[in-house]
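Trainee: I have the model open and would like to talk it through with you before I write my notes. Could we start with the overall layout and then move on to details?

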Amino acid sequence: MKISALIVGVALSWAVMPAQAAIILNDTFDTENGGVGQLNYNAFANWAVSDGTVDLIGNGFYDFFPTSGLYVDLDGTTPNDAGVMSSVVFAPGSYTLSFQLAGSQRGDVNTVEVALGTFSTSITLASGVGLTDYTFAVTVLSADQLSFQQTGVSDNIGLILDNVTVSDRVVVPEPATIALFGAGLAGLALIRRRRKAMA
C-alpha cells in the first residue's frame, strides 16, 4: 500500500512540475568585437561566414535600432555575394528556434533563407519593417548547423538579424492526457477505499 502511494505521489509531482527548456544557443551579438560594429565581420563566437560577407552593425555604427545593441546586416560591404552565416553544430533532436529579422531600413526588399535539420523557410521583408520575432519548431535528424543566407542580388544592403535562440523543445502533456491521469488517480483512490472497507 505504501509503495503504491509513493508511486502516485511521484507521478503527481511529475505531472504538475513545470517543464523547462534547455537553451543551446542564445546570441544577441552584443559582445562581438568588444561591442563595436565592423564591416565585413567574420570573427563570430558561434558562427562561421562563408560565400560572401556580413556586417556587424549597431551601437552607434550604422545604427538603425539604437536600443538593440549590435546586430547583423546579412549582406556585407563587399562586391561579393551576401554571406551565409552557419552556427555551431546541433545534435539530433527537437528544438525551438527563435530570432528577430528586420528590413534593411535602406529602401529595398530582401529575402533570407533559414534552415536547420528538416526545417527550411524563406522570409522576405520590405525595407521599413522593424525587428520582428519569429519562432519555429525544428527537428534535426542528423547533426546539422543553423544557417541564414541572404538571397538575390548582392547590393551591400541586407536584412538585419538579431537575438537568435535555439532551445530543446519540451513536450507539454495535452489536457486530455492530464485528465486521463487524474481519472487514473481517482481509480486508485477508490480501490484503496474498498480494500480498507473490506479489511
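Trainee: What pattern does the protein follow, read along the sequence?

Mentor: Bearing in mind that this is a predicted model, the protein reads α-β-β-β-β-β-β-β-β-β-β-β-α along the sequence, and its secondary structure comes to two helices and 11 strands.

Trainee: And how much of the protein is buried?

Mentor: Buried residues account for 34% of the 199 residues. As for how the chain contacts itself, if you take the contacts between residues at least 6 apart in sequence, 71% of them join residues at least 24 apart.

Trainee: Let's look at strand 11. Is it mostly covered or mostly open?

Mentor: Strand 11, residues 160-168, is mostly covered, with seven of its nine residues buried.

Trainee: Which strands does strand 11 pair with?

Mentor: Strand 1 pairs with strand 11 in the antiparallel sense over four bridges, and within that pairing I23 stands opposite S167. Strand 6 also runs antiparallel to strand 11, and seven bridges join the two; S98, for instance, has T165 as its bridge partner there. Strand 4, residues 70-73, is joined to strand 11 by two bridges, again in the antiparallel sense, and D73 has I160 as its bridge partner.

Trainee: Changing topic, how many aromatic pairs are there in the whole structure?

Mentor: A search of the whole structure finds 11 aromatic pairs. One of them is formed by F29 and W47, a tilted pair with 6.3 Å from centre to centre and 40° between the planes. F29 lies in the loop between strand 1 (23-27) and strand 2 (47-50), whereas W47 is in strand 2, so the pair ties together parts that are 18 residues apart in sequence.

Trainee: Are those two buried or exposed?

Mentor: F29 is buried, and W47 is buried as well.

Trainee: Why is the pair of F65 and Y71 edge-to-face?

Mentor: The planes of the F65 and Y71 rings stand at 70°, with the centres 5.7 Å apart, so the pair is edge-to-face; F65 and Y71 are both buried.

Trainee: What polar contacts does its side chain make, then?

Mentor: The D108 side chain makes a polar contact with the side chain of S104 at 2.6 Å, and another with the side chain of N110 at 3.0 Å. If you leave aside neighbours within four places in sequence, D108 is in contact with L125, A126, S127, D155 and I157.

Trainee: Last topic, the backbone. What is phi of N40 and of N59?

Mentor: Phi of N40 is near 50°, a positive value in a residue other than glycine, and phi of N59, likewise positive in a residue other than glycine, is near 55°. Most residues other than glycine have a negative phi.

Trainee: Where do they sit, and how exposed are they?

Mentor: N40 is found in the loop between strand 1 and strand 2 and is partly exposed, with a relative accessible area of 29%. N59 lies in the loop between strand 3 (55-58) and strand 4 and is partly exposed, with a relative accessible area of 43%.

Key
Residues numbered from 1 in each chain as written. Predicted model: local features only at pLDDT ≥ 70, side-chain atom pairs only at ≥ 80, totals over all residues. Heavy atoms only, no water. Polar contact = N/O pair within 3.5 Å; in protein donor to acceptor, adjacent residues only side chain to side chain. Contact = heavy atoms within 4.5 Å. Phe/Tyr/Trp six-rings, centres within 6.5 Å; stacked < 30°, edge-to-face > 60°. Buried < 20%, exposed > 50% of the residue type's maximum accessible area, 1.4 Å probe, protein only. Pairing = 2+ DSSP bridges.
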